[in-house]
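Happy to walk through this one with you. Let's take a helix pair and a pocket, question by question.

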Amino acid sequence: MSSSSLPDEVVKNRWLGFLIWQSIASAVIHLSSSLLLHRLGRGPSSAAAILFSFLAFHLSLLLLSLALFLLSTPHPDPSASLPDLAAATLRASLKSLVGGFSRPSFTADFAHRARRSLASGVFLLVCGVAGFLSVVAVCGNAEVVDGESLVGVGLRGFKIGLSQSLKRALKLSVQAYVSSVILIFFLPDQLKNKSMDVHTRRCIFAPPQGSAAAETNPSEILLETLEQSSPRSLVQYLAYLDLCIVTESNAEPWRRAAFFEETGETYQRTINVCLRPIEQLASGLAEGLEGFSINRSDLLSKQLNSPVDIQLDSRLHEALNDFQICSWCARALGALTARSHSEDRYGVAQLTGCNKAVVSTLLSCLLAVEACVGKKTSAQLAHMLGPANIRWATVNTGKRDAVPALTSKKRGAALHAKAYAMADVLKTSMYQVVSAFQTDMQANAKASVLEKNWIAEGKPIYGTREILIQKLHLFLDYHAV
């Protein structure tokens, strides 16, 4: 299979498999319920009723699957609330009637959330239609039990007594449950939650081992997918998951060894596709944190005295929305850099400057994430870096040193939950690198060349170069908390 057709084939085959297995399981349950619990009618009308009920039942499932396909996404997209939609509609109406407004009626973020709300509304509508068809299918089966024709199903179905309806519903539910248990017993892997399986099951973006492509460039399919896939698409998520598994585990060492080929081009491409989401996260947080720098003496008191959570810049939330991909990238960067100490025969990781870029980006992103939860990031004097003063990175004094005033946010909020989780991933990745290169880094520190060999030149995405150096010293002393 060619690399260009692989991403499309992955998504298509997974959804097709979801539809096939759902149809098989539903057909078995429906037919077994009809054959074991009800008598088949002898007249042609009864056979037609059974066929109509069967088709209505499957049409309802097909509509529900289509709605899930349109709504489901590997990325948690927020929807616009009804007040937001009403306010935006009012602004657009006033702008069209009065005019003179320079600002656009809809921002790109709101338009995306409005489309998500529309998709949710369509999903509810389709679910209602699917439910109606399911009721028609059940009523059709009820008419077959009585040996009646399908004429007047809609009217007579509602005239059935409550107790009789409950008995039939209970019989159908018990039969469906028994049939499902039997199917799961014989086909446990095929009948799992296929909708979840579409988004979570691993896909291997590599040619078969032993083929010509595997011998020449086994990483091309994966890297091409990561470089060309649409942002936040299912294919991109699957590709990053595959890369993370290859770098961290020993399941496919031949694929990881291919990253360290002699020219260093493959290793650079791999590091670049992993650095891109981390850099976007750090830059997004840096832009959002600009509005929370303490440049006025009363800003902290305003935030602490606010009766509601201060309207946090949406860029912070948007940046952390890519938490899953960023965590996979950080884990892949830490694992691949640590592995390069023992598996990089040609020294491409150090010679290409990738080690510098990885350490600098991870530290800069960690500082931005820590600032998001109120940790201090200002530089300290060199003599204050000992064990007795390692709390400098966790103290928020409220002074005018560009410390974000975000401590009033509830710790259980979604923003803090993602920020703390991301900080843990970044620290773990940094400690992987430091543990692998501890001897080299300590020798560099004694020779006063630690920052030259491990911190990139120029201004980092967030913080300063001096802060990155101090943070690296904390990791080297295992004092980063």
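Below are a few questions on helix packing and on a pocket.

Q: What kind of model is this, and how are residues numbered?
A: This is a predicted model, where local features need pLDDT of at least 70, side-chain atom pairs count only at pLDDT 80 or more, and totals for chains, interfaces and linings use all residues. Side-chain values use heavy atoms, leaving out hydrogens and water, and residues are numbered from 1 along each chain as its sequence is written.

Q: Are helix 12 and helix 17 roughly parallel or roughly antiparallel?
A: Helices here are DSSP runs of H or I, at least four residues, numbered from the N terminus. Helix 12 (residues 265-289) and helix 17 (residues 354-372) pack at about 25 degrees, their axes 9 Å apart; axes are lines fitted to C-alpha atoms over the stretch in contact, and angles run from 0 to 180 degrees between N-to-C directions. Angles under 35 degrees count as roughly parallel and over 145 as roughly antiparallel, 65 to 115 as roughly perpendicular and the rest as oblique. The pair is therefore roughly parallel.

Q: Which helix gives the most to the lining of the second largest pocket?
A: A pocket is an open set of points on a 1 Å grid over the protein atoms alone, where a 1.4 Å probe fits, with protein on both sides within 12 Å along at least five of seven lines; lining residues have an atom within 4 Å of a point. The second largest pocket is lined by 16 residues, with Arg116 among those nearest its centre. Helix 1 (6-37) and helix 4 (108-145) each supply at least two lining residues. The top contributor, with four residues, is helix 4.
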